[in-house]
Amino acid sequence: MSGPTKTMTVLTCVALVLTTAYTVALGSSGWLWFGLVVLVVATIGMAAADSSVPPSPGSRPPGTTS
């Protein structure tokens, strides 16, 4: 997983905790949960796109051929 994908995953987990705490303290908000679901779907898509991209080839020393 790349750096941005890890960051997005952490932010999604934090949003889940904050949404749950808000719901427990003040009551449920449909828009808040909808936003969280959108964030989760975006995170899953980002992770899927990140895992499908092959790693870039390493640099070769000058003068070598494949």
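**Reading a helix pair**

Analyst: Helices α1 and α2 run roughly antiparallel to each other, because their angle falls in the class over 145 degrees. The model is predicted: local features need pLDDT of at least 70 and side-chain atom pairs 80 or more, whereas totals for chains, interfaces and linings use all residues. Residues are numbered from 1 along each chain as its sequence is written, and side-chain values use heavy atoms, without hydrogens and water.

User: What is the angle at which α1 and α2 pack, and how far apart are their axes?

Analyst: Two packed helices are described by the angle between their axes and the distance between the axes. Here α1 (residues 3–26) and α2 (residues 30–52) pack at about 160 degrees, with axes 10 Å apart. Axes are lines fitted to C-alpha atoms over the stretch in contact, and angles run from 0 to 180 degrees between N-to-C directions. The protein chain has 2 helices and 0 strands, taken as DSSP runs (H or I, at least four residues; E, at least two).

User: Which residues of α1 and α2 meet?

Analyst: Contact means heavy atoms within 4.5 Å. Among the residues that meet are Met8, Leu16 and Thr19 in α1, and Leu32, Trp33 and Leu36 in α2.

User: Is Thr19 buried or exposed?

Analyst: Buried means under 20% relative accessible area, exposed over 50%, and partly exposed in between (1.4 Å probe, protein chains only). Thr19 has a relative accessible area of 6% and is therefore buried. Leaving aside residues up to four places away in sequence, Thr19 touches Leu32, Trp33 and Leu36. Of the 66 residues in the protein chain, 9% are buried.

Notes
Angles under 35 degrees count as roughly parallel, over 145 as roughly antiparallel, 65 to 115 as roughly perpendicular and the rest as oblique.
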